[in-house]
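Hi,

Here is the structure I said I'd pass on.

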Amino acid sequence: GSKIGSNSAETLMRLILASSSKARETILKRAGFDFKICPSHIDETPLPGETAKELVIRLAIAKAQAVSHLFPSSLIIGSDQVAEYQNKIIGKPSGYKQGLEFLMNFRGQTVEFINGLCLLNTQTNTFETRLNIIQTTFRNYDQKTAENYLKIHQPYECAGSLKVEGPGIRLLASIQNQDPNALEGLCIIDLI
């Protein structure tokens with residue numbers, strides 16, 4: 001659990017992860033948190049004219065709020081991540097074909113992965129948000145490398161087809177961010 005100080009006494013609040021992401025679950029477990037998982041199923045479609053930064057913050061808040069009525073006296077984590085490449089929002093691929101298109105466009109390029117985080121306190125009905133940008137430079141790999149990666153690892157639940165916590169790391173030349181967990185989908189340093 002997570003302890004939140006109050007004026008009178010320490011109150012133990014439940015920690016809820018409003019996500020079905022195995023990566024986010026793993027990050028929280030590695031950091032030693034005790035939490036419950038309650039996925040929120042919301043529409044993640046970008047709004048007309050919405051930037052990637054606006055989108056991930058809006059979705060992080062919406063994910064936390066979608067399950068908030070179920071958990072009084074709790075802290076709810078909402079998080080969302082997209083890639084941004086050539087001023088376009090890149091979400092999860094629809095399948096192999098689009099995943100390959102993403103990876104072939106990214107080779108030799110720097111792509112921003114943008115992570116939005118919301119921590120909602122259902123006791124006070126207040127929340128805080130954080131935005132985290134991960135500068136990610138891809139190697140100049142060949143098409144066969146990208147095809148093999150997609151066929152074997154099927155990273156279709158990941159923004160831009162990049163599942164960095166597995167062999168996807170082999171597609172990268174560098175990652176610039178203060179939190180080694182950020183590209184996996186949850187900025188644990190910001191959360192803490």
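Let's start with the aromatics: there are 3 aromatic pairs, taking rings of Phe, Tyr and Trp (its six-membered ring) as paired if their centres lie within 6.5 Å, with planes under 30 degrees apart called stacked, over 60 edge-to-face and the rest tilted. Tyr85 and Phe106 make an edge-to-face pair, because their ring centres are 5.4 Å apart and the planes sit at 70 degrees. Tyr85 belongs to strand β4 (residues 74–85) and Phe106 to helix α3 (residues 96–106), so this pair ties together parts that are 21 residues apart in sequence. Helices (H or I, at least four residues) and strands (E, at least two) are DSSP runs, numbered from the N terminus. Tyr85 and Phe106 are both buried, where buried means under 20% relative accessible area, exposed over 50%, and partly exposed in between (1.4 Å probe, protein chains only).

Phe106 also pairs with Phe102: centres 6.3 Å apart and planes at 15 degrees, so that one is stacked. Both lie in α3, 4 residues apart, or about one turn of the helix. Phe102 is buried too. Ring pairs join Tyr85, Phe102, Phe106 and Phe138 into a cluster.

Before you go further, a word on the model. It is predicted, so local features need pLDDT of at least 70 and side-chain atom pairs count only at pLDDT 80 or more, while totals for chains, interfaces and linings use all residues. Residues are numbered from 1 along each chain as its sequence is written, and side-chain values use heavy atoms, with hydrogens and water left out.

Now the core. The largest nonpolar core has 24 residues, and Leu103, Phe106, Phe113, Phe138 and Leu162 have the most contacts inside it. A core here is a set of buried Ala, Val, Leu, Ile, Met, Phe, Trp, Tyr and Cys residues joined through side-chain atoms within 4.5 Å. Two or more residues come from each of β4, α3, β6 (110–121), β7 (126–138) and α4 (143–153), and α3 gives the most, with 5 residues. The buried residues of α3 are Gly99, Leu100, Phe102, Leu103, Met104 and Phe106; they pack against β4, β5 (88–90), β6, β7 and α4. Just after α3, Gly108 has a positive phi of about 75 degrees.

Last, the largest pocket, with about 660 Å³ of space. Its lining takes in 31 residues, and Ser21, Arg24, Lys92, Glu157 and Cys158 lie nearest its centre. The elements giving two or more residues to that lining are α1 (22–30), α2 (52–68) and β4. For the record, a pocket is an open set of points on a 1 Å grid over the protein atoms alone, where a 1.4 Å probe fits, with protein on both sides within 12 Å along at least five of seven lines; lining residues have an atom within 4 Å of a point. The volume is the space filled by probe spheres set on the points, which are joined across faces, edges and corners.

Cheers

Terms used
Contact = heavy atoms within 4.5 Å.
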